[in-house]
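User: Please take a close look at the sheet of this model, and then at the parts of the chain around it. I would like the terms spelled out as you go.

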Amino acid sequence: MGIFQQRTFQRGFGTFPLAGSEARKAIATAVEVGYRAFDTAQWYGNEVETGLAIAEAGIPLSDFLITTKVHPERMNAKSFIPSVRQSLSNLGVDCVDVLLLHWPPIDGDVVPSLKLLLEAKELGLARHIGVSNYTVAMLKTAIDVLGEPPVTNQVEFHPLLDQSRLLNGASDLGVPVSSYCSVARGRVFEFPEISEIGVKYGKLAAQVVLKWILQKGVSLNTMSTKSKNIRANFDIMNFELSNVDVARIDALNATNYRIVGKTDNAFVPEWD
């Protein structure tokens with residue numbers, strides 16, 4: 001079982017686009033609710049706030065799983081390791097639990113950045129290493145370079161996007177998948193099927209979607225600034241969707257709605 005498949009860390013709290021006091025307050029609430037996995041990135045600009053909020057919780061650091069990601073513009077021999085050291089300083093830790101490559105490089109050659117990622121681990125800067133936004137072909141290369149499967153491939157994952165090819169390919173390679181944009185930035189709530197299923201289980205629409213993701217074998221990264229939503233998003237382990245309801249949600253992927261595309265981010269690869 002991968003680290004993100006362990007029950008404690010299946011439900012992670014994402015921090016994008018939180019900043020300043022809002023970030024610290026939301027993270028503090030998440031810790032209080034029970035979250036122990038937190039996801040940040042150099043690109044987000046909130047590593048300091050994430051580290052401070054966790055430190056102020058009064059809970060042993062060993063109880064947490066902190067993930068950060070290297071900015072794609074720093075994936076070069078000159079900048080990579082110094083940027084990771086800066087991230088550790090920002091977070092107030094000597095070693096980050098999980099270090100990911102945030103995006104593949106524009107030219108598609110993932111080998112150099114993977115070698116730098118492996119170097120960071122060998123230097124003791126990260127306990128686990130992985131990737132984000134990788135295709136199946138890139139995952140195969142990652143395994144060759146790293147000598148083992150990445151600890152995760154974090155990707156956009158929600159009911160409105162068919163990620164079955166990527167999920168199946170990653171599974172065949174032994175690479176766990178974790179999600180971002182888990183509720184499609186709210187667009188899933190436009191579909192009455194989600195609310196109808198929620199009524200059946202006495203759950204909110206968001207809880208139904210998050211449970212669907214978990215039942216796909218994908219770990220979560222969810223974000224909210226509202227205390228009630230932070231609590232609700234965590235409270236999803238006391239029910240199970242039927243196969244019929246899972247299939248009903250599966251059918252929504254015909255929408256083929258993807259949030260992050262090339263028009264938004266030059267580092268976006270040709271998706272599976």
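Analyst: E6 and E7 run parallel and are joined by four bridges, and Glu-156 stands opposite Tyr-180 in E7. Strands here are DSSP runs of at least two residues marked E, and helices are DSSP runs of at least four residues marked H or I, both numbered from the N terminus; two strands pair if DSSP finds at least two bridges between them. This is a predicted model, in which local features need pLDDT of at least 70 and side-chain atom pairs count only at pLDDT 80 or more, while totals for chains, interfaces and linings use all residues. Residues are numbered from 1 along each chain as its sequence is written, and side-chain values use heavy atoms, with hydrogens and water left out.

On to the next pairing: strand E5 (residues 126-132) runs parallel to strand E6 (residues 153-156), and two bridges join them. Val-131 has Asn-153 of E6 as its bridge partner, and Ser-132 stands opposite Gln-154 in E6. In the loop between E5 and helix H6 (136-146) lies Asn-133, whose phi is near 65°, a positive value in a residue other than glycine.

These pairings belong to an open sheet of eight strands, ordered E7-E6-E5-E4-E3-E2-E1-E8 with parallel pairing. Strand E7 (177-180) and strand E8 (220-222) are at the edges, and because each has a single partner strand, one side of each is left without a neighbour in the sheet. Direction ignored, neighbouring strands of this sheet are turned by 30° against each other on average.

Within the sheet order, strands E3 and E2 also carry a charged pair. Lys-69 forms a salt bridge with Asp-39, the closest N and O atoms being 2.5 Å apart, where a salt bridge is a side-chain nitrogen of Lys or Arg within 4 Å of a carboxyl oxygen of Asp or Glu. The pair links distant parts of the chain, with Lys-69 in strand E3 (residues 65-70) and Asp-39 in strand E2 (residues 37-39), 30 residues apart. The structure holds eleven salt bridges.

The loop between strand E1 (11-14) and H2 contains Pro-17, and the peptide bond joining Phe-16 and Pro-17 is cis, with omega about 5°. Helix H2 (residues 20-33) packs with helix H10 (residues 227-234) at an angle of about 40°, their axes being 10 Å apart; axes are lines fitted to C-alpha atoms, for helices over the stretch in contact, and angles run from 0 to 180 degrees between N-to-C directions. H2 and H10 are therefore oblique to each other, given that angles under 35 degrees count as roughly parallel, over 145 as roughly antiparallel, 65 to 115 as roughly perpendicular and the rest as oblique. On the H2 side the contact (heavy atoms within 4.5 Å) is made by Ala-26, Thr-29, Ala-30, Glu-32 and Val-33, and on the H10 side by Ser-227, Ile-230, Arg-231 and Phe-234.
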